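Please look over the sequence and the model shown here before reading on.

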Amino acid sequence: MSEPNQPENPNALSGAPTPEELEAAQAANEAEAQDALSAAQAELALLQARNTELADQYLRAKAEVENARRRADEEVAKARKFAVESFAESLLPVADSLEAGLAIKDAGPEQIREGAEATLRQLKSALERNKVLEIAPAAGTRFDPHQHQAISMVPADQEPNTVVSVLQKGYVIAERVLRPALVTVAAPK
């Protein structure tokens, strides 16, 4: 039997929790910790799945880039290998014309000249189709060291540093000089 002035729970007066309250608080803490652990495990599983997905995407993208690079390298190799194919194809009629002209044993000078002129027209046409253009500056054209090569300077009745005559035509392909034109240039007065 308890004393009348004494409470049944001695901890109630001191403010200390009872063993039941401690057990309940500990159970609540364990439940919160278990919930936090479950949430962390779920988030970890989600992050691992996302990591696996991103790693797969990375490997696929890397493989695609390597395939694109390989295809581009193959295309460049083919382009280099067959770069002159269309040019050579356009020169075949010129070769045929020359062979046909040489096959005629008793051709006269006039026939040979006509055949040579026709063949030259074919050749010029083939060169133009393949963007090989002549550099043949007219007399009086300003000397351009990027397209002309001066062989000599001669006194002339025209402005200094202008073309007097063309000794040999030059050629460009796609604006790149294959061979400069050989020219004589007017000397300064």
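## Surroundings of Asn 130

Beyond the residues within four places in sequence, Asn 130 makes contact with Ser 86, Phe 87, Ser 90 and Ile 173; contact means heavy atoms within 4.5 Å. Asn 130 sits in the loop between helix 4 and strand 1 (132–135), helices (H or I, at least four residues) and strands (E, at least two) being DSSP runs numbered from the N terminus. Asn 130 counts as buried because its relative accessibility is 16%, where buried means under 20% relative accessible area with a 1.4 Å probe, protein chains only.

The model is predicted, so local features need pLDDT of at least 70 and side-chain atom pairs count only at pLDDT 80 or more, while totals for chains, interfaces and linings use all residues. Residues are numbered from 1 along each chain as its sequence is written, and side-chain values use heavy atoms, without hydrogens and water.

The contacts of Val 185, not counting residues up to four places away in sequence, include the following.

| Residue | Among its contacts |
|---|---|
| Val 185 | Phe 143, Ala 150, Ser 152 and Met 153 |
| Val 185 | Val 154, Asn 161, Thr 162 and Val 164 |

Terms used:
Buried means under 20% relative accessible area, exposed over 50%, partly exposed in between (1.4 Å probe, protein chains only).
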